[in-house]
Structure formats: C-alpha cells, structure tokens
Amino acid sequence: MTEAERPPGWQPSGRGGKDGPPYEEFGVVPVAGVRDAQVGTAMPVGREAEAERILAALDVRTGPSRSLLLLGAPGTGKTRLLRFAEESAAALGLRVLSVRGWGTQEPRPYASLHRLLGPVLDGADGPPAVSGPQEPPALCALVPALLSGMGPVLLAVDDAEECDPDSLDVLFRLRRRLMDRAVTLLFTATGEVPPAGTPVDLPVLPLGPLSPRAAAELLEARPDAPVGRPRLEVLRQAEGNPLALVELSRALRPTGTAGRTARIQQLFAARLDALPRRTRHALLYAATALPQEELPVVMAALGSEDLGLWTPAEEAGLIAVAGGRLVFGDPLARTAAYHRHSARARQDAHRDLAAAPGQLPARRARHLAAAAIGPDETVAAALEDAAGQTADRFEAATALEQAALLSATDEDRARRLAAAMATAGDLGDPEWVRELYAEFTRVNRDPELRCAAACSMAGALTLLSFQREAFGLLLDVWRGSPPRTATTAFALTALAAAIAHQSGLPEHRRELPHLLDHARRVASRDERGERSATADRDVFPELAAPEILTALETYLTVGLALDPEVPADAVARRTADPFTGPVDGVGPLARLLAGAAAAYYTDDSELCAEMYRRASTPHGVRGPCGSPVWTLPAQVDALISMARWDEAAALIAQGRTEAAVHRLPRIDMDLEALDVTLRALRGDSVPELPFTGPHWRSVNLGENGATRARMLRACGLAALASGDADRAYRHLRALFAEDGSPLAPFLSPRSISELAAAAQRADRKEEAARVLAAVRARQGERPTTRMTLLMHHAAALVDETSDPEDHFRLALVNPEGDTWPLERARARLHYAIWLRRRRRPREARAQLTAVLEIAARIGARGLADSARGELRATGVAEAPAAAASDRLGELTAQQRQIARLAAYGLSNREIGDRLFLSPRTVGSHLYNVYPKLGISSRHQLRDLLHDS
C-alpha cells in the first residue's frame with residue numbers, strides 16, 4: 001500500500017513477523033477465540049453446531065417451552081455445553097436454575113427437584129416444600145406457580161441418569177404443562193440411550209467424537225499442547241474424545257514418570273479395582289495390543305481360550321468384544337489399564353504378544369521394540385522392514401524412528417533417521433521432522449545423506465512458513481557439499497524452486513539457475529558413466545529413471561522461463577509429458593507431480609487438475625515427494641479457475657483439516673484465502689474482516705509472497721462483490737510493485753483483468769494501464785493462452801490508446817477460453833456493458849444471455865445478478881429462465897432418481913445403497929446432472945426440485 005492509498009489516520013499496528021507487510025491492508029484483526037456475537041459466550045471448540053441448537057432452544061421469548069437432552073459417552077463435553085447454555089442464558093436475561101446428578105450417593109425422592117428449585121424456594125413466601133412425599137400431579141401444579149412471574153427461565157439438569165427418578169418424572173411431566181411459558185429444559189445424560197423413563201418425544205442431541213480438525217484445534221488451545229509425534233499420538237489415542245485429549249496431553253508433561261498418568265488411573269481406579277485379578281491381567285494384554293490386533297492373538301498371548309475373562313470388564317463398561325477385536329469404550333480406559341501395571345509386567349505382555357501364534361511380522365517387530373531396553377539390530381531391521389510394508393505413514397515413521405533408536409551404529413541410525421524424516425515429511429508433520437533432524441545432524445557423516453535430510457528439513461520449514469530459513473538450509477548444503485548424484489541434485493533444486501515460488505523473493509529466484517546448472521552437469525556426468533558407485537551412493541534411487549529426471553528438469557525450466565529475472569526466450573516453454581502410467585511408487589508420483597506443477601505454471605489447467613487428482617490417489621507411497629498438502633493450493637487454484645467449485649470446496653475442507661492436525665500455518669492460510677476467493681466468486685457472503693485466525697499474526701507474509709498474493713486477491717474480489725471498487729483496487733494493486741513487477745510471478749499476473757475491472761470502477765485506469773504494460777512486457781512474445789485472453793480483457797477496460805472492441809473480441813474469440821468459464825463470462829459482461837453504453841442493446845443482450853447461461857451452470861450468483869441488471873438496462877423486463885420441469889426432462893430416468901434422492905439430503909453412499917450403485921458412480925451422475933440443470937450444488941438442487 002503506497003502512502004497515497006492509505007486511508008486517513010492509517011497506522012500499522014501489527015506486522016506479519018519481522019519485516020512482513022502490515023496486516024491491516026487485509027482487514028486482519030487479532031481474536032481470542034470463537035465467540036457468539038449475540039451472547040458474548042465462548043462456544044466449545046468443535047461443538048458449534050450443537051451450540052447453535054442450544055441457542056435456538058434458549059430463544060423462549062418468541063416461542064413456547066423448549067426442551068433438549070444432550071446424550072453422549074463420558075468425556076464428550078456434555079457438561080461443557082450445559083455450562084455454555086447457562087452462561088448464554090444469563091447473558092440473554094434468563095433466570096438459570098441448575099442441578100446435577102448425585103454420583104454414587106443414593107438420593108431421596110424429589111431430592112434433585114428440591115435442589116433445582118432451591119433458589120426459588122429460598123426467596124418465595126411460604127410455598128409448600130417439595131422434599132417430602134408428594135404426588136407428581138400435585139408437584140406439576142406447584143412448580144409452574146413457583147416459576148410464575150420470574151420471566152424466561154432455564155432449568156438445567158446435568159447427569160440426569162444420576163438424579164432420583166421421582167424428580168425426573170416431575171420434570172418430564174412439566175414439559176407439556178409449560179408449553180405456554182418461557183421455560184427451557186436442558187438435560188444431559190451419559191450413555192448411548194436416554195435414561196429410563198425419558199419421554200419418546202423429548203428431542204435428543206447426540207454428542208459423537210469431535211472431527212479431526214476440531215480435535216486438533218482443541219488440543220492446540222491447550223497451554224501445554226504437545227508437538228511432533230506425541231501430538232499425533234494423542235490425537236490418534238483420544239479418538240475425538242475431548243476429555244481424553246485434555247488428559248492425554250496433560251500426561252505428557254515432564255513431571256516425572258510416576259505422575260504422568262496418575263490422574264487417568266485415578267479416573268478408573270474404582271472400576272478396575274473391582275474386577276477379578278485375572279480380568280485385570282487380561283486387560284493389560286488388551287491395552288498392550290495394537291488397536292487393530294485380532295482377539296485370537298491376544299487370547300493366545302494370554303494362554304487362554306476362555307472368553308469369560310472379559311465378562312466382568314464388559315459388564316463394567318470398560319471393554320467390548322466386537323468384530324473379532326477388543327474395543328475399549330473410553331480411550332482413557334486403555335491408558336489406565338496399561339499404566340497401572342509395572343514396567344516388568346508391561347514388558348512381559350509385549351513379549352508374549354510378539355511370540356503369539358499367528359502374529360504378523362510387522363506387529364511382532366513393534367512389540368519387540370516396546371520390550372527392548374537397548375540397541376538391538378535384529379529388532380531395528382525388523383522395524384525397518386515393517387515400515388516398508390504399511391500404508392499408514394504415521395506407523396511407518398514411528399517404526400523408522402524406533403529402528404533408529406535401536407540401531408547399533410551411527411551409520412545405520414543416520415540412514416534410518418533420514419528415512420523417518422522423509423516419511424514424517426510425507427505425512428506432513430514439520431515439528432516431527434525438526435525433532436528427527438536434530439538427532440540426525442548429531443550422528444550423520446554421509447554428505448549425500450545430508451542433502452536428503454536437508455530436503456526433508458527444508459520441506460518442513462516451508463510448511464511452517466519459514467521460507468528464508470528453508471532456502472538458506474538448501475543453499476548451505478549445496479555450497480558446503482554439493483549433491484553428487486543427479487537424483488539428489490534435481491530433488492534439491494526442485495524443492496528450492498518450490499520454496500522460491502512460495503517466497504517470491506528475488507534473491508531466491510536468482511540462485512535457481514545455478515542450482516539447475518549444477519544438476520544438469522551431474523546428470524551429464526552420470527550419463528557418461530563417470531560416477532563412482534562407492535563414493536556417490538544414490539539416496540533417491542526411485543528418481544533415477546531418465547523420464548523422471550526429464551520431468552523434474554521440465555518443471556524447473558518452465559518455472560525459470562516465466563521468472564522475470566530470466567529472459568522469456570532463454571528457455572524453451574514446454575509442459576511435461578502427460579504421464580498416464582500407473583502411480584505405483586515414488587518415481588511415477590514424482591513424475592506426475594512435476595508434470596502437474598509445470599502444467600500449473602503454463603496455465604494448462606485441465607491437465608494440471610487431472611495430474612494432481614491422480615497424484616492424490618496413491619496410498620503408502622513415500623519418499624522425496626513431500627506431503628500431499630504441498631500441492632493443495634495449486635490444485636484448488638486450478639479447480640477454481642475452471643469453475644469446478646464443489647471439488648475445490650471439498651479439497652479446501654480436507655486440506656484445512658490436515659493443516660489443523662499437523663500444525664501447518666502456511667497451508668491453512670493459503671486455503672483460507674482460497675476459500676474466501678471461492679465464496680466471493682460464488683456470490684456467497686464474506687465477512688467484512690475475513691482473515692481473523694491466529695496464523696495471520698504469526699506468519700511473516702514478507703517471505704511468503706504467494707500466500708500474500710492469494711490473500712490480496714481474496715480481499716480484492718470480496719470488495720468487488722460488495723461494490724467497494726476503491727478498496728478492491730487497493731488490494732489488487734498491491735499484487736504488483738510500483739514498477740509493475742509482480743509480487744508473485746505466477747499468481748499476480750492472473751489477476752490483471754480483475755485489477756482492470758476495479759480500476760475502471762474506481763477511476764484509476766491510467767495507473768492500471770501502466771501495470772498492464774509491465775505485465776505484457778514480462779510475459780514475453782509467447783504468453784499462455786489464458787494470459788493472452790486476460791491481457792486483452794484488461795486492455796479493453798483500461799488501455800485508452802487502443803480500440804476496446806478489438807480487445808474484447810480478441811478476449812472472446814479463442815475457443816480455448818471456455819476452459820476458464822468465469823473469466824470468459826466476465827469478459828462478455830464487460831463487453832455487453834460497453835455495447836449498451838454505445839446504444840447497441842441487441843448485441844449486448846446476446847452477450848448477457850451467454851453470461852447468464854454460464855453463471856447458472858457454474859453457480860456464480862453475483863455474476864448472474866449483474867447480468868440480469870444489465871439485461872434490464874437493455875430493455876428486457878426479466879431474464880428468461882427455463883422451467884425446472886423442462887430442465888428435469890433433459891435427464892435420464894436414473895439421473896432424475898439420483899437427483900431427487902440427493903435433494904432429499906441423502907449422501908452418495910446412501911443413494912448408492914438404495915439404487916445398487918457405487919458412491920463413485922452416483923457422484924459421476926451428479927457431476928453430469930448439475931450442468932444440465934444449470935446448478936452447481938446440492939443446495940441449489942433442493943431449491944430447484946422444490947420449485948418443480
């Protein structure tokens with residue numbers, strides 16, 4: 001933002017890390033947490049939908065009595081939600097009366113009711129007591145009298161199953177008597193079914209496990225939240241149970257071994273102590289077994305075939321025998337059952353499970369590792385083999401880390417740590433990689449292995465947003481001990497290029513040609529057979545195939561060709577070969593990702609999206625490719641540009657979950673910016689201050705130019721959608737420096753037509769024309785088709801030295817422009833406006849009709865509204881729309897059936913179960929149905945079929 005663009009009184013009160021840009025240019029403000037604007041009460045993390053349901057029940061001032069039962073397993077947050085209800089009710093002006101169950105005590109009849117109404121009884125003038133024997137009808141008449149004149153009231157009953165039955169009977173009867181009163185009744189109960197006597201018509205709100213994203217956010221809110229592997233272990237063990245998340249993370253505090261699980265053991269001490277000795281012993285083996293281990297293996301380790309061993313534990317609700325496995329009812333019960341035994345007993349259990357007949361080699365290795373007390377090369381080798389056999393990347397990385405710890409020599413330890421780093425990096429957990437790298441640097445002596453480990457560490461740093469540190473690490477390694485094999489050289493250079501494109505820093509881009517030249521020299525030497533097999537051990541043998549190295553080189557040359565520091569005609573522009581072979585290993589995956597990135601840079605959006613889609617399907621492929629979340633921003637960007645918005649939204653949700661679980665601030669920021677972009681393009685509501693998450697104050701946008709560019713574009717599009725052209729222009733103009741050079745070489749130029757549209761509305765055409773001229777000069781003589789169309793569109797809006805109509809026609813003439821339907825529709829809309837203002841309404845209407853068709857097909861409501869407004873200005877009373885019944889007639893019988901089931905809210909799997917189709921087939925049918933109906937989402941499908 002220049003001095004002239006800053007609003008009066010503007011002051012930079014916050015920066016994105018050292019020398020980062022001021023966040024106020026994006027409307028960023030710090031927040032303490034999620035809060036409800038109406039009641040000012042913090043919503044429980046991950047329970048926002050349930051909290052909204054409770055707030056609706058509290059709105060008694062505009063409706064009759066409401067009641068609700070919160071039902072869930074121990075630790076799922078029922079009491080926390082009830083406290084939220086009480087705080088919200090008080091903030092809304094309701095009188096709050098509450099009571100909780102009596103625990104192990106045996107309450108007298110009506111004791112709970114007396115405690116609930118105690119505050120009212122204390123302040124009343126002589127009402128009859130309710131603690132003595134009373135008939136329910138008499139009490140049901142008494143309580144409304146007590147509550148009369150109090151205004152809105154919340155009656156909150158926690159742990160209803162532990163209240164006396166007489167009190168519950170009265171409260172349940174009161175629900176109907178209070179229908180005309182401003183009274184809300186909220187109950188909580190533990191279990192899978194409501195307490196005995198609960199009316200069948202009492203609404204039940206079940207509380208299941210938290211979603212992975214919500215669980216990660218709750219864990220992150222802890223002041224002592226673990227990081228790295230312990231964090232992932234807590235998330236996996238807790239299984240979405242809020243109490244388990246809190247207690248397991250607390251158990252990781254460095255307070256001494258004895259005290260770490262004492263609280264958890266205390267929670268279950270009474271139930272465990274009440275079990276027979278042999279059942280307690282069996283529970284140790286159940287807790288020691290891996291979650292996926294079968295019951296016969298556990299029974300064999302115990303040396304028993306008597307399933308009666310488990311009966312007392314089943315009756316106590318500690319464990320269930322289901323599906324051939326042992327399942328703990330509470331995640332904390334497993335921890336308590338394991339740690340209440342001595343270290344020797346736990347070691348014996350692991351050894352017995354390892355030796356059990358039928359035990360799988362990978363699980364045997366893990367049990368032997370848990371029982372080991374020092375280096376053991378046999379176990380380490382078995383763990384290394386096990387890591388290569390599992391598709392679970394967490395298990396693989398854990399096995400490799402354990403193998404490294406059990407290695408007898410530093411050489412083996414360093415090799416296994418490097419493999420663990422690569423696997424943890426592929427999993428997408430940078431803190432874990434950082435921990436492993438610290439140990440690796442202590443024991444490693446192999447220069448080539450150091451290059452591989454540096455790639456893993458740099459990948460972790462870039463995910464954490466530290467681009468300068470990541471690039472500097474690679475540069476230091478390259479200068480100190482340059483890669484001696486082509487595979488390592490190209491892997492390091494490709495990673496450096498990805499970091500440079502993310503940072504947008506000129507000093508990073510200037511180093512890339514030197515790195516690429518070195519990689520080419522090493523590859524040429526390898527082709528001549530001059531490499532020493534002993535001195536130059538290949539640490540990335542999966543990349544050794546010539547076609548893979550060619551794909552990596554193509555990705556790099558394409559990236560350098562579009563770099564402003566390199567003349568456009570210095571490097572051939574060519575996309576990677578559209579690889580169609582099986583993705584059955586690291587090599588093919590690397591080739592696919594390199595091709596997808598090259599296609600992204602050269603605006604081959606369809607090929608880019610398809611290659612990224614194929615690259616996201618392999619499971620268990622690990623190595624130098626990095627985490628799949630690396631590619632999500634580019635993949636989502638490509639889908640948005642092609643108006644495949646439902647796919648983009650699904651990837652954003654998936655990616656933000658991964659970012660929350662693995663603490664990836666930069667990825668979350670990129671995806672949040674793309675989410676705001678998508679909502680603005682669709683015409684959905686966007687908050688006035690869209691970026692308020694915690695990452696926006698902690699990440700240095702000065703070294704994350706691509707993230708900053710996505711954020712600026714999102715803010716610009718949101719401002720355009722709201723009609724604020726001046727604000728939109730300020731954001732979009734910040735995508736370019738004063739001289740027109742792009743903030744992000746690949747992202748900034750793609751917003752040139754959006755900048756021109758904002759400039760035209762804000763009367764800043766002359767300045768925008770200068771930026772356009774700079775963009776045109778940097779694109780060279782052979783810009784991509786997409787950039788050619790965008791620059792013609794921009795020139796038609798702001799270049800007053802040329803004929804606008806020529807540029808409009810050139811922006812629309814190329815049929816390849818249909819790949820980016822929204823960009824084409826915008827060009828048509830602006831052309832129509834230009835035609836209308838020159839009194840050519842018939843031609844304008846033709847363009848606007850096409851805009852409406854595109855807008856309906858892709859679900860761009862804002863664009864459709866603009867087109868309708870322009871149509872009215874040309875003399876059309878209302879834009880024509882095909883009747884829903886006519887559009888439904890274009891579908892096949894099966895498509896109509898699928899569409900109607902989807903409109904009723906059934907998922908693809910549920911539809912498939914009814915029609916004997918696979919979920920993938922159902923999704924394919926819906927993908928074809930939406931364009932025929934002129935819609936893009938299930939929400940629109942429901943509206944359409946309702947209207948028909």
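Let's start with the core. The largest nonpolar core holds 223 residues. By nonpolar core I mean buried Ala, Val, Leu, Ile, Met, Phe, Trp, Tyr and Cys residues joined through side-chain atoms within 4.5 Å. Buried is under 20% relative accessible area, with a 1.4 Å probe and protein chains only. Leu283, Trp310 and Ile752 have the most contacts inside this core. A contact is heavy atoms within 4.5 Å.

Take Leu283. Beyond neighbours within four places in sequence, Leu283 touches Leu272, Leu275, Trp310, Ala313, Leu318, Ile319, Phe328 and Ala337.

A word on the source. This is a predicted model, where local features need pLDDT of at least 70, side-chain atom pairs count only at pLDDT 80 or more, and totals for chains, interfaces and linings use all residues. Numbering runs from 1 along each chain as its sequence is written, and side-chain values use heavy atoms, without hydrogens or water.

Now the whole protein. We have 46 helices and seven strands. Those are DSSP runs: H or I of at least four residues for helices, E of at least two for strands, numbered from the N terminus. Of the 948 residues, 55% are buried. Among contacts between residues at least 6 apart in sequence, 69% join residues at least 24 apart.

Confidence next. pLDDT is the predictor's confidence in each residue, from 0 to 100. The average is 83, and 84% of residues score at least 70. Among the elements, helix H37, residues 785–798, has the highest mean, 96. Helix H10, residues 257–260, has the lowest, 54.

Technical notes
Buried means under 20% relative accessible area, exposed over 50%, partly exposed in between (1.4 Å probe, protein chains only).
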